[in-house]
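Thanks for coming. I have one structure to go through today, so please look at the screen.

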Amino acid sequence: MFPEYDVIVVGAGHAGCEAAAAAANLGSKTLLVTMNMQTIAQMSCNPAMGGIAKGQIVREIDAMGGYSGIVTDLSTIQFRMLNKSKGPAMWSPRAQNDRMLFSIKWREMLEQTPNLDFYQDMVKGLLIKDGRCSGVVTGLGHEIKSKSVVLTNGTFLNGIVHIGEKNFGGGRMAEKAATGITEQLVSLGFESDRLKTGTPPRIDGRSLDYSKMEEQPGDEEVVGFSYLDIEKPKSQRSCWITYTSQKVHDVLKTGFSRSPMFAGRIDGVGPRYCPSIEDKINRFAERERHQLFIEPEGWNTVEIYVNGFSTSLPEDVQYEALRNIVGFENVKMFRPGYAIEYDFFPPTQLKYTLETKLIQGLFFAGQINGTTGYEEAACQGLMAGINAHQKTRNLEPVILKRSEAYIGVLIDDLISKGTDEPYRMFTSRAEFRTLLRQDNADLRLTELSYRLGLASQERMDKVIAKRNGVEEIKSILKDFGVEPEEINSYFASINSSPIAEKQKAQKILLRPDVELDEFADALPKLKEALKGFSKDAIEQASIQVKYDVYIEKEKELVKKMSQLEELEIPETFDYKKIASLGNEAREKLGKIRPRTLGQASRISGINPSDVQILMVFMGR
């Protein structure tokens, strides 16, 4: 019934979809197995993509030839570029999406992908022989052979849904949990643990009074995520802001005695940076109110997502608390919020390729590795799919460095440090964030992906055109002279000090209050000189000129740190024989088995003196 596949991907969430698309587009015969074909790429929680640091990840996925950016643009109902008041390193794109359209577009794109088959069934076990994974066993008893397997099980592994004192098995509301895989992997020597995540109640938008809330419209310009020319929405839907109050908190507290979290029925650790509302009012008791974002679920639905009100309290408490929120006095609830507890495998058990250290040809991606968020899952799926393909072809693995991508930061953090709570990406996790901006992901990654055979010729042509355009614009700015009488009235309009003698446009652009597009508007000759260049190239040139000093400093730092990254540690290195290393260092190095001295230096509990000792023993 089934042929032998190169790559089998288990699970069709964000990680699974990207993994399947990447492997298939690279030429691997790929099978995507999911428990429900109707929920491919479902947005299980909030109907949004991107945000702080997450937006950079989506742009990196797109630059590599993944699908998340395209699908996001095709289903956007509102777009905002966050952090525009800060430097470009902090700018982060975010989109509200039509939940149903997002899933439909993903499925359409996957169905149009050559080399990709689908099958609906639960995977209950893996075919493993001589330390190698050679396929899967399904709930219907089928053994499907493959050269590699990517597990992207999300929250389904032994998932338990909690609402107040009720709990039942499930990977999402109204969907059954997946069983069998954890038990098999643990019997093979893997370490597993439990995590928790949650979601807020869904609301009937017709029952809300928006006149009592603050409107949050989208940006006038919809920049989007994909570097391809995807048509942007002509109109946008607004979101709204309201707040909890002391009364709301008091109502919520009446349910604490029946809370699965406070009663100890949940063992898993929840996400620190996206806590439930009961966790917030418990941990931040001094706060009189918490902000809530009222987010529409799509173009043609009245369903509303209450961002900031994730909860697993009993339904009656949830409903009563909601009725006390300003604008929610007559609220109708479509479904209550709930918590979900699930198995994950500490990611220190993985190689940089996301292949497991214990079993060859077995890859993990997404929440199975302890991450939270669609974007974090999708980028792991992309890299696991690429590397599963490379493995089946005996090709070199593809590993992104911390200095090359947020994706590289995320994978290095997971593998070197592990996580005991759902991991979320932030700009602060990246030490080279001036280099890793959302505007230059294509310049950083597309060429690498194009050489692999994943990014298309169209993408590569766009990158070459952008790169050439940026250099031409920088050359124009370097040579273009500006007389005082041409520009001083512009300076006066922005409260910037006038110039007394002729200056080059490049020097003027270094002023923090001068933006290139406005500057060019004030100088018709400069505007004419920049005519014909893409908006993208103009913005990129402006950023490179303005932040050149900081960019060069970071490049120097990358160069210094790369010396440690180039010092590889043999796989068979025996840390036990180094008596001068402390017990903790020996134990952690032996467990994680870092690939390089750079990775060793980032392991929690390894200090600089440990790294120096290793250097001595390696004869450096």
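This is a predicted model: local features need pLDDT of at least 70, side-chain atom pairs count only at pLDDT 80 or more; totals for chains, interfaces and linings use all residues.

On the α9 side, the residues are E376, C379, Q380 and M383, and they meet I407, L410, I411 and L414 of α10.

How do the two helices sit against each other? Two packed helices are described by the angle between their axes and the distance between the axes. Here α9 covers residues 374-392 and α10 covers residues 406-417. They pack at an angle of about 90°, and their axes are 10 Å apart. An angle of 65 to 115 degrees counts as roughly perpendicular, so α9 is roughly perpendicular to α10.

Now the whole chain. The protein chain has 21 helices and 22 strands. Its radius of gyration is 26 Å, close to the 25 Å that the globule rule gives for 620 residues, so the chain is as compact as a globular protein of that length. The C-alpha trace spans about 80 × 70 × 55 Å along its principal axes.

What share of the residues is buried? Of the 620 residues in the protein chain, 57% are buried. As for the surface, the chain exposes about 26,100 Å², and carbon and sulfur atoms supply 49% of that area.

Last, contacts along the sequence. Taking the contacts in the protein chain with a separation of 6 or more, 73% are between residues 24 or more positions apart.

That is what I have for today.

Key: Residues are numbered from 1 along each chain as its sequence is written. Side-chain values use heavy atoms; hydrogens and water are left out. Axes are lines fitted to C-alpha atoms, for helices over the stretch in contact, and angles run from 0 to 180 degrees between N-to-C directions. Helices (H or I, at least four residues) and strands (E, at least two) are DSSP runs, numbered from the N terminus. Angles under 35 degrees count as roughly parallel, over 145 as roughly antiparallel, 65 to 115 as roughly perpendicular and the rest as oblique. Contact means heavy atoms within 4.5 Å. The radius of gyration is taken over C-alpha atoms; the globule rule is 2.2 Å times the number of residues to the power 0.38. Buried means under 20% relative accessible area, exposed over 50%, partly exposed in between (1.4 Å probe, protein chains only). Accessible areas come from the Shrake-Rupley method with a 1.4 Å probe; for residues, only the protein chains shown count as cover.
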